[in-house]
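User: I would like to learn how to read side-chain packing in a model. Please take me through it feature by feature.

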Amino acid sequence: MTIAICLDDDNGILFNGRRQSRDRVLINDLINSAAADQMIWIHPYSLPLFQEFADRVRVDEDYLHRAADTDICFVEREKLSGMQDRIDGWIVYRWNRRYPSDNKLTTELDGYRKTAERDFAGSSHERITREEYSR
């Protein structure tokens, strides 16, 4: 599976249990980059970000275990320890700034190689960097 995740410059994900930011252009980018037969799995917490794309997402508390190997999982809060064997790729959206964070990505990207990188303007950020990694 591929993990899609948003990170600040310190690999921060959450602050006080809340997402650091929400960006509709970023969500559109993720939806538009998924193959037609590729499902995007999300936790119920992420559903407000994907409301207009109900036909492209699957919502489940246990989404990391229910997703097929070819699917994308958009991760905002869940720990990924013990999942390394299932993760074939990453889509990392970088906010390009530091936010206060008390929850950070602890899974290393060692063993993955960067295959693409591009910047785009978001709805909440002047510049968001999208990085793709694969085994």
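Analyst: Start with one residue and its contacts, meaning heavy atoms within 4.5 Å. Not counting residues up to four places away in sequence, Tyr 112 touches Gln 84, Ile 87, Asp 88, Gly 89, Trp 90, Tyr 133, Ser 134 and Arg 135. A caution on sources: this is a predicted model, where local features need pLDDT of at least 70, side-chain atom pairs count only at pLDDT 80 or more, and totals for chains, interfaces and linings use all residues. Residues are numbered from 1 along each chain as its sequence is written, and side-chain values use heavy atoms, with hydrogens and water left out.

User: Is Tyr 112 buried or exposed?

Analyst: Buried means under 20% relative accessible area, exposed over 50%, and partly exposed in between (1.4 Å probe, protein chains only). Tyr 112 has 9%, so it is buried. It is found in the loop between strand E8 (103-104) and E9. Strands are DSSP runs of at least two residues and helices (H or I) of at least four, numbered from the N terminus.

User: How many aromatic pairs does the whole structure have?

Analyst: A pair of aromatic rings is described by the distance of the centres and the angle of the planes. Rings of Phe, Tyr and Trp (its six-membered ring) pair if their centres lie within 6.5 Å; planes under 30 degrees apart count as stacked, over 60 as edge-to-face and the rest as tilted. The search finds 3 pairs. One of them joins Phe 50 and Phe 74: centres 5.2 Å apart, planes at 70°, so edge-to-face. Phe 50 lies in the loop between strand E4 (40-42) and strand E5 (57-59), and Phe 74 in strand E6 (residues 72-75), so the pair ties together parts 24 residues apart in sequence. Phe 50 is buried at 0% relative accessibility, and Phe 74 is buried at 2%.

User: Which residues have the most contacts inside the largest nonpolar core?

Analyst: In soluble globular proteins, nonpolar side chains tend to be buried together. A nonpolar core is a set of buried Ala, Val, Leu, Ile, Met, Phe, Trp, Tyr and Cys residues joined through side-chain atoms within 4.5 Å. Here the largest has 22 residues, and those with the most contacts inside it are Ile 3, Ile 5, Leu 64, Cys 73 and Trp 90. Strand E1 (2-7), strand E2 (12-15), helix H2 (63-66), E6 and E7 each give two or more residues. E1 gives the most, with 3. A second, separate core of 20 residues includes Ala 4, Phe 53, Trp 95 and Phe 120.
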